[in-house]
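Please review the structure shown here together with the briefing below.

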Amino acid sequence: MPELPEVEVVRAGLQRHVAGRTVSQVEVLHPRAVRKHVPGAADFAARLTGRRFDAARRRGKYLWIELDGSADAVVAHLGMSGQMLVQPVGAEDETHLRVRVRFADDGPELRFVDQRTFGGLALTELVAQGSGLLPVPIAHIGRDPLDPEFDLAAGVAALRGRRTEVKRALLDQTLVSGIGNIYADEALWRTRLHWARQTAGLTRAKAGELLEAATEVMREALVAGGTSFDALYVNVNGQSGYFDRSLAAYGQENRPCGRCGTAIIREAFMNRSSFSCPRCQPRPR
DNA sequence: ATGGGCTCCTGATGGC
DNA sequence: TGCCATCAGGAGCCCA
């Protein structure tokens, strides 16, 4: 379940292992992996071949690698189960290997592995936004809280401007990006807010507290996740070490709340699970 | 415009 | 052992 911290670990790995290298061959093993590349798999492979990877960048849960210092980039989203692996040429194919990229230096190849194929790659143009360049398909999403140019007041205003439940707003990538189901539940727990609270009823201060909690929990996860990847794997499995260890609410059904000891409950919301403490995070009436 | 529900996909798990 | 239901869930898409 890669959310921002996990994706950032992948980005750092890409920067380290594939930046500066020239693509010699691209193999698309599953067409769905490049479905966002409208001209199709053959076009994707042809246009990527011969290009040099430059900087690996990220916004929210999206990654992209700039090409040749040009106005093009390969954009990637890991979806629910995507992984970027750096493997020696000749290593056995993973069961869910979807795209293979080989390099002119004959060094380790880059593999996009994705069991459930919610993720994917595409070649797109970059457009200017703010002080940088952004791939066209993600120009609509908001800055994430770890972006140096993230504007907390603007994020608060965006959240409070919605007439909906606070968790739905947190998960809306157009307002603030990078927050998924896990970190949304953790931020709500830290802020003692029930997921069904209406955004419009939140004070500026409370909304600010919520976004700061989300930022903090993602920073902590990044520190934990960043320590756990080995030289060959850009990311082991899309999860950080933080995932198992330090979650206070997510996945903790029936376990005692770390603050008050009340059993954490699980409720269905937006076709997924929300975990909360019924005492610290009372449901709105 | 905006809120909100549906759907894509595969594999693990649990109940009977 | 087999079979079915449920769950995991990001985000694009569609409809009211």
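The points that follow are grouped by topic.

This is a predicted model, in which local features need pLDDT of at least 70, side-chain atom pairs count only at pLDDT 80 or more, and totals for chains, interfaces and linings use all residues. Residues are numbered from 1 along each chain as its sequence is written, and side-chain values use heavy atoms, with hydrogens and water left out.

**Nonpolar cores**

- The largest nonpolar core has 39 residues; a nonpolar core is a set of buried Ala, Val, Leu, Ile, Met, Phe, Trp, Tyr and Cys residues joined through side-chain atoms within 4.5 Å.
- Buried means under 20% relative accessible area, exposed over 50%, and partly exposed in between, with a 1.4 Å probe and protein chains only.
- The residues with the most contacts inside the largest core are Leu-159, Leu-170, Ile-179, Tyr-183, Leu-188, Leu-210 and Leu-211.
- At least two residues of this core come from each of helix 3 (152-160), helix 4 (166-171), helix 5 (181-191) and helix 6 (204-226); helices (H or I, at least four residues) and strands (E, at least two) are DSSP runs, numbered from the N terminus.
- Helix 6 gives the most to this core, with eight residues.
- Apart from this core lies another, of 28 residues, including Val-7, Phe-53, Leu-63 and Val-86.
- In soluble globular proteins, nonpolar side chains tend to be buried together.

**Surroundings of Ile-179**

- Beyond its neighbours within four places in sequence, Ile-179 is in contact (heavy atoms within 4.5 Å) with residues including Glu-3, Lys-61, Leu-170, Ala-214 and Met-218.

**Glu-8**

- Glu-8 belongs to helix 1 (residues 4-17) and counts as buried because its relative accessibility is 16%.
- Its side chain makes a polar contact with the side chain of Arg-58 at 2.7 Å; such a contact is a pair of N or O atoms within 3.5 Å, where within protein one must be able to donate a hydrogen and the other to accept it, and residues adjacent in sequence count only if both atoms are side-chain atoms.
- Leaving aside neighbours within four places in sequence, Glu-8 is in contact with Arg-58 and Leu-222.

**Residues 248-282 and cysteines**

- An unreviewed UniProt entry annotates residues 248-282 as "domain: FPG-type"; such annotations may be inferred rather than shown by experiment.
- Over residues 248-282 the chain is 0% helix and 29% strand, with the end C-alpha atoms 16 Å apart.
- The structure holds zero disulfides, a disulfide being a pair of cysteine sulfur atoms within 2.5 Å.
- Cys-257 is in no disulfide, and the nearest cysteine sulfur, that of Cys-277, is 3.8 Å away.
- The sulfur of Cys-280 is 3.7 Å from the closest cysteine sulfur, in Cys-277, which is too far for a bond.
- Cys-257 is buried, at a relative accessible area of 4%, and Cys-280 is buried at 11%.

Methods
Chains lettered and ligands numbered in written order.
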